[in-house]
Amino acid sequence: MSKLCATEGLTDVQRDILSAVRKFVDNQILPVATRLEHDDEYPSEIVEQMKDLGIFGLTIPEEYGGLGESLLTYALVVEEISRGWMSVSGIINTHFIVAYLLLQHGTSAQKQEYLPRMATGEVRGAFSMSEPDLGSDVSAIKTTATPTGDGYSITGRKMWLTNGGSANLVAVLVRTPEGQDKPHRNLTTFLVEKEPGFGEIAEGIMIPGKIEKMGYKGVDTTELLFDDYRIAADRILGGVPGRGFYQMMDGVEVGRVNVAARAAGVANRAFELGVSYAQQRRTFGKRIADHQAILFRLAEMGTKVEAAHQMVVRAARIKDAGNRNDLEAGMAKYLASEYCRDVVEDSFRIHGGYGFAKEFEIERLYREAPMLLIGEGTADIQRMIIGRRLLEDYALPS
Ligand SMILES: Cc1cc2nc3c(=O)[nH]c(=O)nc-3n(C[C@H](O)[C@H](O)[C@H](O)COP(=O)(O)OP(=O)(O)OC[C@H]3O[C@@H](n4cnc5c(N)ncnc54)[C@H](O)[C@@H]3O)c2cc1C
């Protein structure tokens with residue numbers, strides 16, 4: 001039997017990992033996802049099981065205790081997990097970005113210090129660029145780190161931290177005085193260690209509480225307030241100030257593949273629900289799947305799910321081969337998140353009135369899909385990236 005979202009050319013190890021994750025999703029996530037989401041409850045048990053499966057260390061090299069898998073493996077795991085519940089993929093995504101940032105840009109001491117504990121899930125990562133006044137326009141960051149002689153003092157307000165409460169290591173992008181004359185050279189990433197939890201969790205750090213959201217519940221999204229928070233200079237990612245913008249953009253590029261993978265996973269689940277319901281519901285003496293309007297809808301949904309999946313695979317493979325993938329990651333993120341919204345909407349319509357009932361899973365997916373149009377760069381920002389890159393590649397001879 002052929003199913004959507006198959007991937008050719010996988011290794012035996014990749015196939016084994018994916019089959020274990022699919023079993024985990026079917027047995028441990030899907031049965032509880034909607035209840036936990038409705039209660040906005042953190043999936044602690046699922047997180048513990050993911051630690052046992054080694055998912056927190058999936059992409060961390062073996063020398064640091066991880067599984068050393070590729071971005072492709074990671075993306076396919078995220079797709080499977082999101083098919084179960086998108087919020088669970090949110091818990092590992094920021095962790096993965098921080099591990100990636102450390103691997104690519106950290107000093108060897110920073111790698112030694114954090115990666116082994118990140119591989120087990122003991123240290124869990126969040127990353128923070130956004131502020132109340134900015135999201136797309138990262139260069140407008142206001143939170144400032146001022147040199148104090150032996151380190152820095154950070155003051156300002158960060159916004160929208162996925163895992164802001166539950167993580168214990170946050171990569172935070174702030175303004176520093178160095179490189180003021182050069183655009184984007186005055187931003188620095190600090191590695192802020194903290195206790196998980198809410199309230200005043202350390203001197204100078206406050207996490208007010210969870211932001212109430214329309215969907216993507218269970219995973220905590222928070223603000224992070226700094227007030228003269230003292231931090232040593234050796235907590236600068238890579239040890240040198242002024243490189244933060246480029247480091248974070250690199251991290252976001254792989255994060256985009258992740259969001260695209262999530263969109264493919266959510267869309268795949270919406271398709272599964274729609275195609276199943278369409279064969280059970282009968283109107284006018286036949287299954288609704290046998291009405292051409294529904295059949296065409298299913299055809300369009302399946303095609304979109306498959307296209308989204310293939311774009312994710314391609315973007316991940318390009319990065320895994322060591323090449324720049326901003327164009328492909330942008331295209332995958334843009335297309336997969338738009339398609340995901342369409343497929344979820346179509347599946348919702350196939351469900352008729354029941355799609356509106358909380359008891360039906362599609363209700364949850366309907367509230368989750370919009371987040372994918374925003375996270376890791378909005379659809380408009382993706383179109384800007386894609387358009388500019390196409391103009392570069394298709395520039396007229398001068
Ligand atoms: C649930 C959730 C979790 C998040 N998690 C994190 C996280 O972990 N870490 C983090 O740092 N951030 C996080 N974010 C923030 C997210 O990255 C931003 O919301 C996103 O980048 C958009 O920024 P904004 O909300 O400030 O919108 P704005 O940048 O104010 O944009 C508003 C609108 O204007 C459009 N727009 C902006 N600039 C342009 C332009 N130049 N051309 C055309 N259109 C433009 C946008 O597309 C959008 O439609 C999260 C957000 C949400 C909702």
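Q: How far apart do the C-alpha centres of domain 1 and domain 3 lie?
A: In this predicted model, the chain is assigned to domain 1 (12–120), domain 2 (125–242) and domain 3 (246–393), and the C-alpha centres of domain 1 and domain 3 are 21 Å apart.

Q: How many residues of each of these two domains are in contact?
A: Contact is a matter of heavy atoms within 4.5 Å; here 29 residues of domain 1 are in contact with 32 residues of domain 3.

Q: What area is buried between domain 1 and domain 3, and which residues of domain 1 supply more of it than any other three?
A: Buried area is what the two parts lose in accessible area on being put together, summed over both. Between domain 1 and domain 3 it comes to about 2600 Å², with 61% given by carbon and sulfur atoms. On the domain 1 side, L71, E79 and M86 supply 24% of the area buried against domain 3, more than any other three residues.

Q: Which helices supply the side of domain 1 that touches domain 3?
A: At least two residues each come from α1 (12–38), α3 (71–84) and α4 (86–105), and α4 gives the largest share, 11 residues. By residue class, this side of domain 1 divides into 14 nonpolar, 11 polar and 4 charged residues.

Definitions and conventions: Residues numbered from 1 in each chain as written. Predicted model: local features only at pLDDT ≥ 70, side-chain atom pairs only at ≥ 80, totals over all residues. Heavy atoms only, no water. Domains from an automatic or database assignment. Buried area = accessible area lost by both parts, 1.4 Å probe. Helix = DSSP H or I, 4+ residues; strand = E, 2+ residues; numbered from the N terminus. Nonpolar A, V, L, I, M, F, W, Y, C, P; charged D, E, K, R; others polar.
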